[in-house]
Amino acid sequence: MVNYKELGFKAGLEIHQQLDIKKLFCDCPSLVNDPNEEFYIVKRKLNITEGESGKEDVAARYELSKNKTFFYQAKKTSSCLVELDEEPPHRINEQAIKIALQVCKLLNAKIVSEIVFMRKIVLDGSNVSGFQRTALIGRNGHINTSKGKVSIPTVYLEEEAAKKINENNESVTYSLDRLGVALLEISTAAELMDAEYVKESASIIGMILRSLEKVKRGIGSIRQDVNLSIKGSPRIELKGFQDLRSMTKVIENEVERLLKEKDKVPHVRKVEPNLTSTYLRPMPGAARMYPETDVPIFEVSEKLVDSIKIPELISERAVNFEKKYGINPQYALEIVKGNLPFDYYAEKYKIDPKIIAHSLIEIPKELKKRFNFSEELKKEDFDFIFENLEKKKINNEALLDILYELGKGNKIDLNKYSSLSLNEIEVEVKKTIKENPGVSVNGLMGDLMKKFKGRVDGKLVISLIKRFKNE
């Protein structure tokens, strides 16, 4: 068990979130992948530029020392001359600015009066130009956690990098469909004193970001980097977290590595699939920044700031679902996080909202677990079961079987799932008990539910078993 307090552990987060809008400096769509379009290839070699301080950045110099050639796969549907660095950036995407201002308000951050873009030197080939455009949008914010406030020193709006396709000792190949996508970068102060605190803070910021309409979702659309240190060690940046569930273990492993290896200089490490880390490059510094002369300063007026509406948070929406429909908190949270059309069905059909929630959340999981079900259930599939449930043509015990058949594209014979009379159920229960002396209530229940195939209510069956078994 790691004693974080005794080790003098402290950490901070950098959260990167892609926006689901057009790219930051052109009208290209923010596609992550367009497999139907052919690509052409562009070749580049990069060189170093001095930063604003007149010095060369150590991380940029390290990347340049590898002397690699970079190849870029470009597609007309998702990249243009701006991404190829053959044309100046177009006018800033004002939708991206408005979303960034929303985030600042949600994070209680002070919004800047002028948005001034800078160039950040990047020589690993992930930017064709050799730099990334980035601008400060807000500062001195905070989030509330179970352990108190966590400071948010900065909120940045910047360009996403190109996606690496493959790499060898001489070259790297990138895809340009991701380059230039609008990206938010949110940093916390180094106030997180244990691994669970890091994870909780990342989860809260992620929840805030997912509360916005125009953020990308899915693997790779949000990334977390952790900056950490222990007493006597330099700062280490861990890059590449994709899953919050692994964050605590990765941090524990890194602390153990620091205790054994006793690093002397700050550097950046890559999080590996086995939850360890490997050396990536030296820690970049202020020397990598210099002014962007191709993008005009954007004035942030009070009128613009006042016009920015704060969206309802996922956590707030979940509480409202819970109160309105009487469903449990976990179901409410999953409905909101998954953007499930629960309220549509709950308003349309006069059936128990708990059944609707269970059908939308649990039945797809059960189908995948029991039958390795990979088909996607459609809106009309759920309309079919809820409509017939409302008309009492089926009962909720039949929902899983019917959705399985619908998902497979099979025609449904409702006669197979029509409810049995009480007398029919009682006769079958008595018969099964008689034929299986000594079998437990649960065993009898399993056998009977297989026979009834969703045509009876499970609570009724188990009550009859207990009654007749004791006669």
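Where is the place of Q224? Before I come to that residue, let me say that this is a predicted model, in which local features need pLDDT of at least 70 and side-chain atom pairs count only at pLDDT 80 or more, whereas totals for chains, interfaces and linings use all residues. Residues are numbered from 1 along each chain as its sequence is written, and side-chain values use heavy atoms, with hydrogens and water left out.

Now to the answer: Q224 lies in strand β12, which covers residues 222–229. When I say strand or helix, I mean DSSP runs numbered from the N terminus, with at least two residues (E) for a strand and at least four (H or I) for a helix. Q224 is buried, with a relative accessible area of 4%, where buried stands for under 20% relative accessible area, exposed for over 50%, and partly exposed for what is in between, using a 1.4 Å probe and protein chains only. The burial extends along the strand, since 7 of the 8 residues of β12 are buried.

What does Q224 touch, if we leave out residues up to four places away in sequence? Taking a contact as heavy atoms within 4.5 Å, Q224 touches E14, I15, A202, L238, G240, F241, Q242, L244 and M247.

Strand β13, residues 236–241, runs antiparallel to β12 and is joined to it by 4 bridges. In this second pairing V226 stands opposite L238, while N227 stands opposite E237. β12 and β13 form a hairpin with 6 residues between them, and G232 in the turn has a positive phi of about 90 degrees.

A separate item is an open sheet of 4 strands, in the order β2-β3-β10-β9, with mixed pairing. Why is one side of β2 and of β9 left without a neighbour in the sheet? β2 (40–44) and β9 (163–167) stand at the edges and each has a single partner strand, so one side of each has no neighbour there. Neighbouring strands of this sheet are turned by 25 degrees against each other on average, direction ignored, the axes being lines fitted to C-alpha atoms and the angles running from 0 to 180 degrees between N-to-C directions. For β9, the pairing is with strand β10, residues 171–175, in the antiparallel sense over 4 bridges, and N166 stands opposite T173 in β10.

E94 is found in helix α3, residues 94–106, and counts as partly exposed at 30% relative accessibility; its C-alpha atom is separated by 25 Å from that of A74, 20 residues apart along the chain. N372 is found in the loop between α10 (353–371) and α11 (379–390), has a positive phi of about 50 degrees although it is not a glycine, and counts as exposed at 65% relative accessibility. K392, whose place is in the loop between α11 and α12 (399–407), also has a positive phi, of about 65 degrees, without being a glycine, and K392 is exposed with a relative accessible area of 70%.

Finally, some totals for the protein. The secondary structure comes to 15 helices and 17 strands, and along its principal axes the C-alpha trace spans about 90 × 50 × 50 Å. Of the 471 residues, 50% are buried, and among the contacts with a separation of 6 or more, 70% are accounted for by residues 24 or more positions apart.

How values were computed:
Pairing = 2+ DSSP bridges.
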